[in-house]
Amino acid sequence: MTVKVGIPRALLYYHYYPGWEAFFRSLGAEVVLSDETTKKIVDSGVRLAVDEACLPVKLYLGHLANLRDKGVDCIFAPRVVSVERKKYLCPKFLGLPEIARFGVPDLPRLLDVEINVHQQYQKTRRDLKKLAAGFDRRPWVIARALRAAKLAQDEYEATLRLGHTPHDVLSGTENTYQEGKLRVAVLGHAYNLNDKFISMDLLSKLREFGAEVVTAEMLRPQDIKRGAGLLEKEIFWTFGKELMGAAFHLLEEGKIDGVVLVASFGCGPDSLVCELVERMYKRGKNAPVLMLTLDEHTGEAGVVTRLEAFIDMLRWRKAV
Ligand code: SF4
């Protein structure tokens, strides 16, 4: 019987889903995604999480409950410690399997493999092979699954760099990219920006207002690395480094008209990184910044009004 592996449409889904999907499909499993975020999913996540949790973690729990209700056999919930050398993900990712187990009752088995590329690269490879062997023990099938995952992930990242957002690609609407008169950088976590419900479809709204949207995923890794290196002391959180690197690179390049900074309420790293980016742009004086903080109570009308006013101001600035 085909094993049904659930993958929550939250957090690292926006970064790694193509690789994960190819891995499990290649092992003969059926991948089941949680539904797109709805008010019901948000409300269930808010009920299950502790009050202090950031919005994306609350949302993650809501998606886990959604998968449980779909009757999947197991859920892929890796403990992602590090995805590159000398950099780490925030502590919430390190404790995610425990947050899931203690937060959501009656979950099916969690596939909580540890990904720690910086300190335990070889162990991570061994653990991934062990995880794969739980589906198919044949070494060539395991090797093929790892290869398929890498290929799919590389292809995904290359497509993003052509100017598409994770949401464009994952939802199959990648042709929405178009050159606009205004270039607006939207900087924030991919799991906030690309979730249409919690971001209130911010990216599409900016495009509807005639702006060409630039996100960190569209930039070349070497540009982000160089941008991040301009700080006296590099940030050791992977996502903070990416946001900072993208912000520095775009500021230096001077080809954007404005920046929308999107932070999560309750996020420690965001409170530091977004503050630094805002200061840096104020000092640079060549692109205004709009700061938005998302939580489960953020109202759409307020966001739309602020976006409209921001775009009007950018147009006026460009015209004078
Ligand atoms: S980086 Fe911030 S928003 Fe993301 S999981 Fe950690 S605390 Fe939450």
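How many residues of domain 1 are in contact with how many residues of domain 2? In this predicted model, local features need pLDDT of at least 70, side-chain atom pairs count only at pLDDT 80 or more, and totals for chains, interfaces and linings use all residues. Residues are numbered from 1 along each chain as its sequence is written, and side-chain values use heavy atoms, with hydrogens and water left out.

The chain is divided into domain 1 (4-160) and domain 2 (166-319). These bounds come from an automatic or database domain assignment. The C-alpha centres of domain 1 and domain 2 lie 25 Å apart. Between them, 31 residues of domain 1 are in contact with 28 residues of domain 2. Contact here means heavy atoms within 4.5 Å.

The largest nonpolar core holds 53 residues. Such a core is a set of buried Ala, Val, Leu, Ile, Met, Phe, Trp, Tyr and Cys residues joined through side-chain atoms within 4.5 Å. Buried means under 20% relative accessible area, exposed means over 50%, and partly exposed lies in between (1.4 Å probe, protein chains only). Within this core, F23, F24, Y60, L64, F76 and F93 touch the most other members. Domain 1 and domain 2 both give residues to this core, so it lies between them. Another core, of 25 residues, lies apart from it; V184, L193, L290 and V303 are among its members. Leaving out residues up to four places away in sequence, L64 touches P8, I75, A100, V104 and L107.

Helices (H or I, at least four residues) and strands (E, at least two) are DSSP runs, numbered from the N terminus. In helix α11 (residues 221-229), the buried residues are D223, I224, G227 and A228. They cover an arc of only 130° around the axis, which puts them on the same side of α11. The arc is that of the directions from the helix axis to the C-beta atoms. Helix α12 (238-253) is included in what covers these buried residues.

Helix α12 also contains T238. T238 is buried, with a relative accessible area of 1%. Not counting residues up to four places away in sequence, T238 touches V83, E84, K87, Y88 and L89. T238 and Y17 are 221 residues apart in sequence, and their C-alpha atoms are 18 Å apart in space.

Most residues other than glycine have a negative phi. L11 is not a glycine, yet has a positive phi of about 45°. L11 sits in the loop between β1 (4-7) and α1 (13-26). Its relative accessible area is 4%, so L11 is buried. D201 has a positive phi too, near 55°. D201 belongs to the loop between α9 (190-193) and α10 (202-208). With a relative accessible area of 21%, D201 is partly exposed.

E98 lies in helix α5 (residues 96-103) and is partly exposed at 30% relative accessibility. Apart from residues up to four places away in sequence, E98 touches R79 and G103. E98 and S44 are 54 residues apart in sequence and 18 Å apart in space, C-alpha to C-alpha.

D136 is in the loop between α6 (121-133) and α7 (139-160). At 15% relative accessibility, D136 counts as buried. Neighbours within four places in sequence aside, D136 is in contact with L27, V141 and I142. D136 and D168 are 32 residues apart along the chain, with their C-alpha atoms separated by 33 Å.

T293 is found in strand β10 (residues 289-294). T293 is partly exposed, with a relative accessible area of 40%. From C-alpha to C-alpha, T293 and G188 are 10.0 Å apart in space, and they are 105 residues apart in sequence.
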